[in-house]
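I opened this notebook to keep track of what I looked up, one topic at a time.

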Amino acid sequence: MRRYLDNAFATLGAIVVAIFSVIMALIFLQVINRFILGLPLFWTEEVVRMLLVWMVLLGTPVVVYKCDEIKVELFRFNNRRFEIGRQILVAILSIIFCAFLAYWGYLFTLRALGTMQPSLGISRAWLYAPISIGGMLTIIAFVVRREDVNEQSDEEDLT
Amino acid sequence: MIVALMFVLFTVLLGIGVPIAFAMGLSAVTVLLIDGGVPLLVLPQRFFSSLDSFPLLAIPLYIFAGNLMNYGGITTAIVGFSRSLVGHIRGGLGQVNILTSVLFSGISGSASADVAAVGGMMIPAMKKEGYKPEWAVVITAASAILGPIIPPSLLMVIYGAMTGLSIGTLFLAGIVPGLFLAFIMMALVYWKADEIGAPRHLKVGLRKTGKVFLRAAPALVMPVIIVGGIQSGLFTPTEAGIVAVAYGLGYGLITHRLNVRNTYRFAFQSVVTSSSILIILGSAALFSWIMAREGVPAAIASALSSATNEPAIVLLLIVLALILVGMFIETISALILMVPILTPVAQVFGFDMIHFSVVVIIALLLGSLTPPVALIVLLGCKIAKVDYMKTMRPLVPFFAVLVIGLLCIMYFPLITLGLPELLGAFD
């Protein structure tokens, strides 16, 4: 099971890297174009901005799965049971926010279904969809990830 | 009232270890639910509009470029060059460490990247030569704060994206303060050399210096490409990022260190790091929106102006508050939290916004060096395998010197604004 999860999140990571690559290629094209080609590339910047939102929101579940999110670690309990309890509480609180984000992001996307992004010729829903999708995937990441409860005590053993 | 509740909630959530992004988001959503008046659709709307920004793309690009250059072996070359330049000065490798941080700042935009790359090489070398490891850690961490002061700088990209200030001008304004802080830290190492346990090296000949310079030169070219490219109007900061990435890839190919697998690994790391930073920006948007709606910046400004009408004292109070915030919250998150509050206040008191932003960034970085949550010191301790508590004593003189440096920068705006003015960035 763990292996499947690792693979699933590695795949998500690969998708995010692919988005990043497309972003880089488009910005590169924009620079080359300005100095050499001179084509009217008005759409690159908008596509790139849209992809950035996708990249960040699909990247967040990967960050959470890897336990790499930025937080303030003021304390950890030495008691293993308390520490697990604290981590579960943190996960639940984070999940509540992600659920808000996913739900209201979904409604926001629905409202935008009918409106077009004139310069790109696509529905504005494409711009907002990652908020909801990212929220949901982050909830999954919080549920299935495995935090290292013993990290602190390991360090103490070394010193 | 609503705002007070939001801050209490945020502090409690942060205290039990909820990730900063979700702690900010959840406290904002909770008070909106209690308040009732506003539909929560504002959450995704604010979230989206704070991320929908072209300049922010510079963040993954600068991180990626720095990773590529570092892996290509540039850090080794920089250390060699710094050693031949300042290794013979009293304080030996301590001086080398600081100069390396200065040069490394030109390819990296964050303090933790500096500690990992420079500390990873310098701390073991310093320990081997008999330096006290806690001093090695502190020198590394203190000089690493130059990373986000000397361009390129992730903090300045975020600052510019949030306020609309020119990122190119911010970059220029950071150069002289960064060099100035480096200089006074080198003076401190010179003075404390005996306590640090620093042996001296022989002076390196001119020919050898030239040789190592050639190897380190690619690192010196990168900030020139970025700052020069932006300033001359050739590229935007984001486009300068892609040029830096192309340059980093080219460098890695020439030094034959880069392969597809490693390139993917660094791209992945850059994306993960950037996502963990940018998600905070998205979640913080609603938080800042509520503060603006409740008139917090205006209230702070009027409270300050009823207490004093001396801008110099206001600036001092702001800096003290920033150091305090920086002590507990990681620098980028602290910046995202504080900028929307402080910008209107600074405008009321008529501060120059470019000068003010450099002061804000340095103050937050000073806070990040201060316990209890001195992340970059902790990172250095991990590399050196030193007890965190042992670094407290050597940290004191460095902190004192940096505070004096910051006071100079605060009250002599010429240090920040001189170079941009000279180069005509304000025209």
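How many residues does the contact take from chain A and from chain B? Before answering I note that I am working with a predicted model. I find that 57 residues of chain A and 56 residues of chain B take part in the contact.

**Entry: the area between the chains.** I looked up the area buried between chain A and chain B and read about 5,000 Å², with carbon and sulfur atoms giving 83% of it.

**Entry: polar terms across the contact.** Between chain A and chain B I count 2 salt bridges, and 6 residue pairs are in polar contact, both residues being at pLDDT 80 or more. One of the salt bridges joins the side chains of A:Arg34 and B:Glu239, at 2.4 Å from N to O.

**Entry: charges over rings.** I returned to A:Arg34, the partner of B:Glu239 in the salt bridge, and found that its charged end also sits over the ring of A:Phe35, 5.8 Å from the ring centre. In chain A I noted a further case, in which the charged end of A:Arg3 sits over the ring of A:Tyr4, 6.0 Å from the centre of that ring.

**Entry: aromatic pairs.** Over all chains the count comes to 17 aromatic pairs. I looked at B:Phe7 and B:Phe287, whose rings form an edge-to-face pair with 5.5 Å from centre to centre and 75 degrees between the planes. This pair links distant parts of the chain, since B:Phe7 lies in helix H1 (residues 2-15) of chain B and B:Phe287 in helix H13 (residues 260-293) of chain B, 280 residues apart.

Are the two residues buried or exposed? I record B:Phe287 as buried, because its relative accessible area is 0% and the cut-off for buried is under 20%. B:Phe7, at 28% relative accessibility, therefore counts as partly exposed.

Methods. Residues are numbered from 1 along each chain as its sequence is written. Chains are lettered from A and ligands numbered from 1 in the order in which they are written. This is a predicted model: local features need pLDDT of at least 70, side-chain atom pairs count only at pLDDT 80 or more; totals for chains, interfaces and linings use all residues. Side-chain values use heavy atoms; hydrogens and water are left out. Rings of Phe, Tyr and Trp (its six-membered ring) pair if their centres lie within 6.5 Å; planes under 30 degrees apart count as stacked, over 60 as edge-to-face and the rest as tilted. Helices (H or I, at least four residues) and strands (E, at least two) are DSSP runs, numbered from the N terminus. Buried means under 20% relative accessible area, exposed over 50%, partly exposed in between (1.4 Å probe, protein chains only). A charge sits over a ring if NZ of Lys or CZ of Arg is within 6 Å of the ring centre and within 35 degrees of the ring normal. Contact means heavy atoms within 4.5 Å. Buried area is the accessible area (1.4 Å probe) that two parts lose on being put together, summed over both. A salt bridge is a side-chain nitrogen of Lys or Arg within 4 Å of a carboxyl oxygen of Asp or Glu. A polar contact is a pair of N or O atoms within 3.5 Å; within protein, one must be able to donate a hydrogen and the other to accept it, and residues adjacent in sequence count only if both atoms are side-chain atoms.
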